Amino acid sequence: MPAEAEIISHQLMLRAGLMRKLASGTYIYLPAGQRILLKVIQIVREEMNRAGAQECTVPICQPMELWQKTGRVDDYGQTLGTFKDRHGRMNVLSPTAEEGFTYLASQEIQSYKQLPVNLYQINTKYRDEFRPRFGVLRSREFMMKDAYSFHADQECLHKTYMDMYNAYKRVFSRCGLEYVIVEAETGEMGGSGSHQFTIPCANGEDVIVYIDQQDQAWNLEKAPVDPLPKQPAVKVGPLTEVHTPNVGSIEAVCGFLKVKPQELIKTLIYKADAEVFAALVRGDHEVNQEKVNQIFVGQHIDLADEETIVKATGAAVGFAGPVGLVGRVGKILIDHAVAAMAVGVAGANKTDYHITNVVPGRDFPMDGQTIQVCDIRNAVQGDTYEGKTLLFKRGIEVGQVFKLGTKYSVKLEARFLDEDGSRKPCLMGCYGIGINRIIASAIELFHDEWGIIWPMTISPWQAIVTPAAPEKEILTAAEEIYRQLLDRGVEALLDDRDLRAGVKFKDADLLGIPIRITLGTKSFAGGKTEIKFRSAKEKQLVDIAKTADYTAEQVKKMLDQLNDVEAIG
RNA sequence: CGGGGUGUAGCUCAGUUUGGCCAGAGCGCCUGGUUUGGGACCAGGAAGUCGCAGGUUCAAGUCCUGUCACCCCGACCA
């Protein structure tokens with residue numbers, strides 16, 4: 001076991017022989033891992049087809065031209081894998097396939113009568129991640145199911161969106177996964193309306209914010225917070241400038257002035273395209289850039305560079321403050337939590353100086369043309385939404401559905417003639433599922449100190465026959481049962497390796513096969529086999545003659561339990 | 001891309017500080033024997049251009065320069 005495998009799913013995938021690393025963020029799937037992959041893919045495929053989507057394949061290697069047209073060469077930046085071919089053409093290694101599918105639509109769709117259409121593929125994706133990690137959870141190459149739907153109107157898009165939403169619930173339920181559906185921002189993809197399907201577990205990279213029994217859940221970018229109650233007014237002295245040489249960071253200011261972070265007003269200078277604006281949050285809070293994006297719809301938001309900051313505030317970086325800032329920047333966003341402060345410490349807009357006794361409303365205005373009090377920070381422990389306490393959990397994002405709108409159809413001219421004879425861009429939705437992430441999160445969810453415990457539906461094999469003694473008769477009987485299982489459609493494995501019983505048991509446990517059938521000297525003499533479920537402690541004795549039938553029955557029962565899609569909301 | 005770290009047997013790693021015997025251990029592998037229900041034991045054995053390229057030196061795994069790969073932390077990504 002290499003020390004580099006830090007999370008349990010990564011460790012177990014290596015130890016159980018599901019995969020091997022080829023290079024940073026790329027993995028070879030070994031036979032057992034490949035079987036799991038195919039199982040998951042098959043479930044996804046069945047549910048997509050059931051929901052009316054049709055499978056295609058779009059090349060992984062695509063002309064960069066298409067990506068230039070949609071502007072995503074710049075959007076993706078370094079993450080986009082590219083190469084030049086022998087003719088000097090630039091190519092893109094597809095990290096997702098809006099371009100490919102929209103191109104297809106632009107060629108094939110002429111009339112509203114052809115709509116809606118929902119196409120998908122299950123294919124390798126490539127992203128040149130700045131830092132691959134967590135095994136298969138953030139890798140450079142991965143398997144993704146991605147679907148793209150095309151519509152003439154919003155209602156139709158919404159219907160397909162909900163069809164996909166429900167198909168996803170079935171997919172994850174059938175894979176045996178517990179999941180949380182969170183409202184999400186659409187990020188780089190643009191558009192509006194999105195949900196993420198998230199598997200709650202300690203090693204997740206995402207933060208899920210929810211209330212009550214997950215009645216409502218959001219990702220951190222989207223989670224709303226109630227404004228904090230106005231702090232009771234206190235007697236404060238006049239504004240006082242204090243010399244704080246080289247004390248620019250929140251931490252440094254706190255140490256220097258002996259105050260707590262929540263007593264500071266943090267002033268961040270941003271650029272929205274060409275316009276400079278300021279965002280005020282409390283010292284212990286973080287600006288949520290997605291929330292800021294929502295205020296400057298359609299503009300490119302980024303932290304201002306040093307030069308811009310110096311020009312706007314008249315001070316070095318680290319000494320910006322709200323007092324006297326009106327007029328120097330285009331806009332000032334004040335987080336509710338800042339507005340609620342009775343008094344605080346802020347930068348003085350003067351290098352090496354801060355001001356104390358800053359009272360919001362007294363020392364800087366909280367309304368006006370260019371001033372907006374709003375929610376622009378990340379939720380933190382203790383926050384509420386509509387009076388209910390926000391709860392936090394980590395999760396792995398395994399799927400996302402979103403309404404894309406016309407971003408791609410406009411740029412790639414995927415248009416149709418509507419009933420009224422006008423030419424319109426298709427409305428689009430797109431829907432992704434991370435196949436490898438399903439596998440990793442299943443392991444994160446279902447394992448014990450011995451190894452993986454697969455849900456029956458995605459287990460590489462359903463049952464394993466383990467002869468636990470070297471006697472000829474036992475080996476023969478094991479082989480016989482193995483054949484009977486295959487005849488009954490059970491995906492069985494026969495551990496006929498010339499090894500001690502303990503080794504075989506450990507390996508079976510590690511690999512996580514749901515049902516183990518053991519033939520040992522004692523029970524065999526009594527005409528019995530031992531059946532043990534990976535998820536249970538105790539074993540049961542079954543007549544040798546009835547073993548295959550009994551196992552097949554159990555396998556079917558366990559499959560039905562997970563595949564019973566009628567029971568799913 | 002910035003900061004830190006690692007590269008030595010199939011795998012996991014020691015040895016590098018302070019240059020000097022023959023480059024080591026555990027696991028795995030091979031042979032023979034004893035074992036055989038939760039990762040057995042004994043005996044013997046094979047196995048390494050010390051990441052790569054230069055350099056310093058009587059002498060380099062160890063020092064210097066360059067280079068590559070991989071890992072960890074962070075910039076915010078599916």
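Strands S17 and S20 pair in the parallel sense, over 4 bridges. S20 covers residues 371–374, and Ile371 in that strand stands opposite Ile332. Keep in mind that this is a predicted model.

Now the other pairing of S17. Its partner here is strand S15, residues 275–282, again in the parallel sense and again over 4 bridges. In this pairing, Phe277 stands opposite Lys331 of S17. So much for partners.

Next, helix H12, residues 435–445. Why is H12 described as largely enclosed by the rest of the structure? Because 10 of its 11 residues are buried. Those buried residues include the charged side chains Arg437 and Glu444. Also on the list are Asn436 and Ser441, along with Ile435, Ile438, Ile439 and Ile443, and finally Ala440 and Ala442.

Last, the domains. Chain A is divided into three parts: domain 1 is 8–224 plus 392–443, domain 2 is 240–374, and domain 3 is 461–566.

Where the two touch, 6 residues of domain 1 are in contact with 6 residues of domain 3. On the domain 1 side, the touching residues divide into 3 charged, 2 nonpolar and 1 polar.

Notes. Residues are numbered from 1 along each chain as its sequence is written. Chains are lettered from A and ligands numbered from 1 in the order in which they are written. This is a predicted model: local features need pLDDT of at least 70, side-chain atom pairs count only at pLDDT 80 or more; totals for chains, interfaces and linings use all residues. Two strands pair if DSSP finds at least two bridges between them. Helices (H or I, at least four residues) and strands (E, at least two) are DSSP runs, numbered from the N terminus. A residue is buried if 20 or more other C-beta atoms lie within 10 Å of its own, exposed if 12 or fewer, and partly exposed in between; C-beta atoms are placed from the backbone. Domain bounds come from an automatic or database domain assignment. Two residues are in contact if their C-beta atoms, placed from the backbone, lie within 7 Å.
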